[in-house]
Amino acid sequence: MSDSIGDVDAITYAARFYAAVADGQSVQAAHLLSRAAIEMNGLLDRDLPTLACAADVDPSATKLVTPPPE
């Protein structure tokens, strides 16, 4: 977070982020979905969550969970 964030905003962000990661989304996609969830809920802290990673890591290609084949 780039600054203090409200509890409801933090809970909204975290819940959406981890749900997206568990769904097989990339880290960057999960981050963007989570920021959108804050905004769609009419909350004020949409711009506070930031995504930081090492220079040699592409968050748009990094997935923490591989969904099972259908």
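This is a predicted model: local features need pLDDT of at least 70, side-chain atom pairs count only at pLDDT 80 or more; totals for chains, interfaces and linings use all residues.
Is the crossing in which α1 passes α2 left-handed or right-handed? The crossing is right-handed.

**How α1 and α2 pack**
- The two helices meet at an angle of about 145°, and their axes lie 8 Å apart.
- On the α1 side, the contact is made by D9, T12, Y13, R16, F17, A20 and V21.
- On the α2 side, the contact is made by V27, A30, H31, L33, S34, R35, A37 and I38.
- Sorted by class, the contact of α1 with α2 has nine nonpolar residues, three polar ones and three charged ones.

**D9, in helix α1**
- D9 sits in helix α1 and is one of the residues through which α1 touches α2.
- D9 counts as buried because its relative accessibility is 6%, and buried means under 20%.
- Leaving aside neighbours within four places in sequence, D9 is in contact with I38, L43, L44 and D45.
- Of these partners, I38 is among the α2 residues that make the helix contact.

**D23, between the helices**
- D23 is found in the loop between α1, which covers residues 7-22, and α2, which covers residues 27-40.
- D23 counts as exposed because its relative accessibility is 56%, and exposed means over 50%.
- D23 and V65 are 42 residues apart in sequence, while their C-alpha atoms are 7.3 Å apart in space.

Methods: Residues are numbered from 1 along each chain as its sequence is written. Side-chain values use heavy atoms; hydrogens and water are left out. Helices (H or I, at least four residues) and strands (E, at least two) are DSSP runs, numbered from the N terminus. Buried means under 20% relative accessible area, exposed over 50%, partly exposed in between (1.4 Å probe, protein chains only). Axes are lines fitted to C-alpha atoms, for helices over the stretch in contact, and angles run from 0 to 180 degrees between N-to-C directions. A crossing is left-handed if the near helix is turned anticlockwise from the far one by less than a right angle, and right-handed if clockwise. Contact means heavy atoms within 4.5 Å. Ala, Val, Leu, Ile, Met, Phe, Trp, Tyr, Cys and Pro count as nonpolar, Asp, Glu, Lys and Arg as charged, and the others, Gly among them, as polar.
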